[in-house]
2 protein chains.
Amino acid sequence: MTLGLALKKPHPKVPRRHGEGGKSHLTVIQGLAALSLDALSSVAYGPEAIAVVLVAAGSGALTAMLPITLAIAGLLAVLVVSYRQVIAVHPDGGGAYAVAKKDLGRPVSLMAAASLIIDYVLTVAVSLAAGAASLASAFPVLSDHLLAVCLIALFVLTVVNLRGIADSARVLMLPTVLFIVSVIGVIVVGLFRAHPAATVGTSQSFPAAEALGALLVLKAFSAGCSALTGVEAIANAVPMFRQPRVKRAQHTELMLGLLLGAMLIGLSLLIRRHHVVPRGGVTLLAQLTAGAFGTGWAYYAISLIVTLVLGIAANTSFGGLPVLMSVLAKDDRLPHLFALRSERPVHRWGVVALAVLAGVILVVVSADTQRLIPLFAIGVFVGFTISQIGLVRHWSKQRPDGWLPRALINGVGAVLTAVAGIVLLATKFLAGAWIVVLIVPLLMLLFSRIERYYTRVRDQLGWDGTPPRPTRTHSLVIVPLGRVDMVAAAALNAASSLGDEVVVVAVFGDRTKADAMRADWARWNPGPRLDIIDSPQHSLVQPVIGYVEQVARNGRQVAVLIPQAEPLHVRYRILQNQRGILMAGLLSSRTDVVVCLLKLQLDL
Amino acid sequence: MTLGLALKKPHPKVPRRHGEGGKSHLTVIQGLAALSLDALSSVAYGPEAIAVVLVAAGSGALTAMLPITLAIAGLLAVLVVSYRQVIAVHPDGGGAYAVAKKDLGRPVSLMAAASLIIDYVLTVAVSLAAGAASLASAFPVLSDHLLAVCLIALFVLTVVNLRGIADSARVLMLPTVLFIVSVIGVIVVGLFRAHPAATVGTSQSFPAAEALGALLVLKAFSAGCSALTGVEAIANAVPMFRQPRVKRAQHTELMLGLLLGAMLIGLSLLIRRHHVVPRGGVTLLAQLTAGAFGTGWAYYAISLIVTLVLGIAANTSFGGLPVLMSVLAKDDRLPHLFALRSERPVHRWGVVALAVLAGVILVVVSADTQRLIPLFAIGVFVGFTISQIGLVRHWSKQRPDGWLPRALINGVGAVLTAVAGIVLLATKFLAGAWIVVLIVPLLMLLFSRIERYYTRVRDQLGWDGTPPRPTRTHSLVIVPLGRVDMVAAAALNAASSLGDEVVVVAVFGDRTKADAMRADWARWNPGPRLDIIDSPQHSLVQPVIGYVEQVARNGRQVAVLIPQAEPLHVRYRILQNQRGILMAGLLSSRTDVVVCLLKLQLDL
C-alpha cells in the first residue's frame, strides 16, 4: 500500500522513498515490481488461511478450496475493473483517504485514515510473520524462534528506514521476477506430477469438528480475501508512471490481477491434485514447493525468495505509513511533527511509531500469521469499499457520458467488498476482529481532538485577521557568564550589537570565586554592568532565572544571551554545553524573554 | 558509603539527600542510623561468604569459621581506631578521594575515585542480591526469580531517586534498631538452645574437594572481609554530626565497631553451636533465625527486616555516587554534566548511570551474592588503604605532638588492609577480581582524558589572559515566518527591538500559498522586507539555513529569531513547536549566528 503523493521532485540529498517520485516514470513492468509485491506476496499466506479454516471440518473439506478460490478470483476481477476506473478518475493518486476527503466528507475520510493506519501496521506484522514461517520451512531449527526472527527483521527494517533508504523499481525487479517465476514454476511442475516429489513437515490429524456448512465456507472465503490486500497500491501511485500514465497504470493493474488470480487458482488446483493438507512446521507453499521440486536446492532457494519478498512487502509500509501520517499532519489530524518528514536530519517519528506498533502486535500474537489475518483483511476491505463508494458518488455528481455502467461497476465492487468486510467482521469478531471495531473509532476520535486543538490555536493566534503593527522598544540583553574569557568576549560582542543595554550576570557558590571574577572584570572593563548573585546552594541556573524574572517586569524587550563553547568532534559533545541548554530550556518555559544561543566553535 | 560534602545549606525546594546536610546535626545514635546501615547489613552476607568458601574442604571445615571471624574482628578493631584518627584529621569529611587528592597526589586520587565508583555500583548490586536472597528465604516461591526481584527493586530505587528523596536519620532509626535487635536476638536466643528450633532450606552435600590449607583459610578470610565494607562511611560524613562533631563521630565509629564485631563473632559462635552449614534456597542468617525462633511469625518478620535494611543499604549508593560524580566533574574528571546535580529539574545522570551499571552486573552474575563479593571487597580495601596511607603522610608532614604512635596505628592499618586487599586479589583473581584490575586503570585513563580535554578547552578560550574588548556592530535579525498572525507580530516586535535591521524570510512549497502570504504581508505592511524562498521539495528548514548562511557572510552581527507558540498544557506540547526546535538546533550546529527563541504562550 502506498499513498503515492508523488508530484514533487525530491531534494537531491533526500533519499527517495517508495512512492515519492524520483525515478518516477515507471513502465508497466517496473510498476509491477514497485507496486505489486505487497499484493503478489499474499499468495504465501492467503491459500493457507483458507485451508486452515476448512480443516475444522476434517481434511476432506479441502475440496471446497477450489470453489472458494474461484469466488475470491471473481472478487479480484471486480476489484481490478473497479480500480482501473479509480485510476482514470484520480490520476493524482492518493488512496482511500484522499478519495474520501474529496467525495465523501470528513467522517468517512477519518474512517479511511484509521483503517489505512491499521493496515500499514498489520501489513508489516503479517508479512514478517509469514516470512518467518517461510524461512522456518527451509530451516526447521528456526521454527521455535519465529517471534525472534520477526523481531530481528523488524529491527533491521527500522534501522534501515531510519537511516533512509533509496529503493527503486529497478532494485525490486529481480525479486519480483524471481518470485513470480518461482510460484508459477511450482504450479506448473507440480501439476505435471501425479504425486508430490517430497513431503515436508510433520503430519497433523484433523478430526471433523464441524460440518462443512455455509458458515464455514464464508469464514474460509473471508480468510482467503487476505490474498487481495495490496490490490489498491497501483491506483494510489498513478503519478509514478511514465506517460500516458493512466493507461500504463491501468495495464499494470490488469497484469497484477491476472497474475494474482492465476497464482491463486493454480495453487488451489495444485493443493487439490496433491491432496495437500496443513502440516506442522512448514507453510502450505513450502509443501507445494517440495511436492514440485523435491527438497533439494530449489526448495531452499524458493523458500528464501518467498521470505525475501515478504520482507520487501513489510518494507512497503515503512515507505507508505510515514507518507500517510505526513498527509494527516498537514490536514491537522496528527501532530505536525509527522509532517516534518522532508526535513533532514530528523527522527522519522512515523517509522518509529510503525515499528513499535508492529512489534507489540507480533509479540501479542506470538508471530502467528493466522491470528493476524482476520484483523488484517477488515481494514483493507474498509478501504476498498470507501474508495469505490467515493467513485460512485463521483460518477453521480459529474455524470459524464456513459457514467451509469461505470457507477454500476464501482457500485457492485463496493457492495461486494462491503459484504466481504461484513462477513469477515461477523465471522472473525470473537477471533480478534473486535479490536479493529474498537480501534477505528478511537483513532477517529483522536484525529478529531487533534484537529480541534489546531483550530483553537488558529483562533487564538488570529490567523484570519490582521495583527497590530510591530513597535520598537528599548532592549536589554542579559548575558550570564562565569568567567572572563573568549566566550565572554564573543557573547558581549553579540549582546552589545543586539541590545540597547547589556547587563552581565554571574552566579557563584563561594565568595572567593566571586571576588576573583570581580577583579578580572575590573581589569577587562568591557563596559556592561556586572551583577553577581550569591548562590550558597550551588545552583547556577535557578538564580539566573529569578534574576531574569525580576528584571523582565517593566516594559523593555528583554533577551538572555547564552554563550556556549561547542567542540568540533561529536564525541566531545557530552563534555560541553549541558548547563547552557538547561538554562535555555528553563528560561523558555518559565519566562517570556527571548532566549538567544551563541555558539563558539572549539578546535577540539 | 557517603562522601558527605555537607558544608552547605540546601536550597529549600531541593529534596535533601543522605549526607548532604539539612538536618545535619546527628547525635551518636542518629549517626549510627544514618551512616552505619551499609556496614551493619553486611552481617547478612559476610559470614555466609566465609562458610561458602570453607565447605570446599567439607562441612567439617566450618570449625575454622570462628578463628577467621576473630581475625576479621581484629582487623575491624584496627580499622575503627584508624578511622577515629581520620575523623580527627579530616573533620570536613570527604572520603578516600578527597584525602588522596590532598595528601597523595593526582594518580592516587584517580585510583581512589575509580575504586569508589566501583564500590558504589557493587554496593547496590550486592545489597540487592543479598536482600533478594533474604526475601526468598521467607518466601521460597521467589527463589527461582531472584534476578527479577533485584531488578524490580532496582527500578523502584531508581524511580524514587530520580524524583528526589528526602530521607533522614529519623526515618532510618526504626529499621536500624529493629535490625540490631533482631540479629542480637537471634544470637542470644540461639545460643541458649542446645539444638536449632527449626531447620529450613534443602540439605546439600559437601564432599571435601580440597584440604583445609592455608590458601583456603586465606580465601575464606578475604571473602569475610566483605563484612567490613561501609566502616568508612562515618568518617566521610563528620560535618553531619552535632557539635562537638569530632567527638560524636568518633563515638559513633566506636559503637559501629563494637556492634559489628559483636554481631560477627556472635553469629560465628551460633553457627558452630548449631552446626549450621549452607543449605539450598535459604541464607545462613535465615537458618540461624529459624534455629533461634522457629519458623513462625518471628522468622518472617526478621527476614523482612533484613531485606528492608539491605534495600536501604543499596539506597545509600544512590545518595553517595552522584555526590562523588559531581565532585569529580567539578575537578574536570568527569563530564561537567554530572556537576549539574543541584539544578532542578534535571535528569540525574548519576542515578541513571548507577542503575544501569548495577542492573547489568546483576544480570551478568544472575543476582548471586557470592559471585559479587570478591569484586566488592577489593575496591573497598583500596579505599581503606589509600585513606590510611594519606593519614600517615599527613602525620609525617605535620608532626604534631605524639604523631608517631598515631602514624604507626594508621600505618599498621594501611599495611593490614593492603595485605588483605592483595590476598583478596590473589585468591579471587580468576573468580572475577581481574575485572577490577582491568576497570580501575581504564577509569583512571578516562578521568585523565576528560581532564586533558577540559585543560585544552581552557587554553583555547584563553581563561588566563584578558580578552579583547567587545565592539558594537550593525545587527541584522532574520525572522522565519509562515503566516501573518499574532506570532508574526510578537516576533517582529522583539526583532525590531533587538536588530538594527530586520528581514523576514518565508519558505513555501507551492505558489498559491506564497502569493497569499505576499498579499497578507502587503495588507499588514509591518515594515521589514519579506523574502520568499521557493522549496519544491517541501523542506522548510533547509532553505532557511541556506538563506541564513548566505546572508551571514559579511561582517554584520546576524541573529535568527524563531517564534514558537507554546501550549499551556504539557499534553499538547507534542502538537506544537517541533519545527522551531529543529530549526534552532540545525542553525546552531551549522552556522555561527545567534539563535533566538521567542515563546508565545497559548491559552490551551
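How many helices and strands are there in chain A? I looked this up before anything else. Chain A has 20 helices and five strands. I note that the model is predicted.

**Chain A overall**

I checked burial next. Of the 604 residues in chain A, 54% are buried. Then I turned to contacts in chain A with a separation of 6 or more. Residues 24 or more positions apart account for 81% of them.

**How the copies relate**

**The contact between chains**

I listed the residues on each side. Chain A gives 75 residues to the contact, and chain B gives 75 residues. Several elements of chain A each supply at least two residues of the side that touches chain B. These are α16 (403-461), α17 (486-498), α18 (511-524), α19 (541-551), β4, α20 (578-590) and β5. Which element supplies the largest share? I find α17(A), with 10 residues. I also compared the two sides. The copies meet through the same surface, because 100% of the interface residues of chain A are also interface residues in chain B.

**Strand β4 of chain A**

I then traced its partners. Strand β1 of chain A (residues 475-480) runs parallel to β4(A), and four bridges join them. In this pairing I see Leu476(A) opposite Val558(A) of β4(A). Strand β5 of chain A (residues 594-601) also pairs with β4(A) in the parallel sense, over eight bridges. Here Gln564(A) stands opposite Lys599(A) of β5(A). I kept one general point in mind while viewing the strands. In a regular strand the side chains alternate between the two faces of the sheet.

**α6 against α16 in chain A**

Helix α6 of chain A (residues 105-138) packs on α16(A) at about 120°, and the axes are 9 Å apart. That makes α6(A) oblique to α16(A). The crossing of α6(A) past α16(A) is right-handed. I then listed the residues that meet. From α6(A) they include Leu110(A), Met111(A), Ala113(A) and Ile117(A). From α16(A) they include Val436(A), Ile439(A), Leu443(A) and Phe447(A).

**α7 against α13 in chain B**

I moved to chain B for another helix pair. Helix α7 (residues 146-163) and helix α13 (residues 297-330) of chain B cross at roughly 45°, and their axes come within 11 Å. α7(B) and α13(B) are therefore oblique to each other. α7(B) passes α13(B) in a right-handed crossing. On the α7(B) side I list Ala153(B), Leu157(B) and Asn161(B). On the α13(B) side I list Gly311(B), Ala314(B), Asn315(B) and Phe318(B).

**Helix α12 of chain B**

Is α12(B) mostly covered or mostly exposed? I find this helix (residues 284-293) mostly covered, with 10 of its 10 residues buried. Among them are Leu284(B), Gln287(B), Thr289(B), Gly291(B) and Phe293(B). I checked the backbone just after α12(B). There Gly294(B) takes a positive phi of about 75°.

Notes: Residues numbered from 1 in each chain as written. Chains lettered and ligands numbered in written order. Predicted model: local features only at pLDDT ≥ 70, side-chain atom pairs only at ≥ 80, totals over all residues. Buried ≥ 20, exposed ≤ 12 C-beta atoms within 10 Å, placed from the backbone. Contact = placed C-beta atoms within 7 Å. Pairing = 2+ DSSP bridges. Axes fitted to C-alpha atoms, helices over the stretch in contact; angles between N-to-C directions. Parallel < 35°, antiparallel > 145°, perpendicular 65-115°, else oblique. Left-handed = near helix turned anticlockwise from the far one by under 90°.
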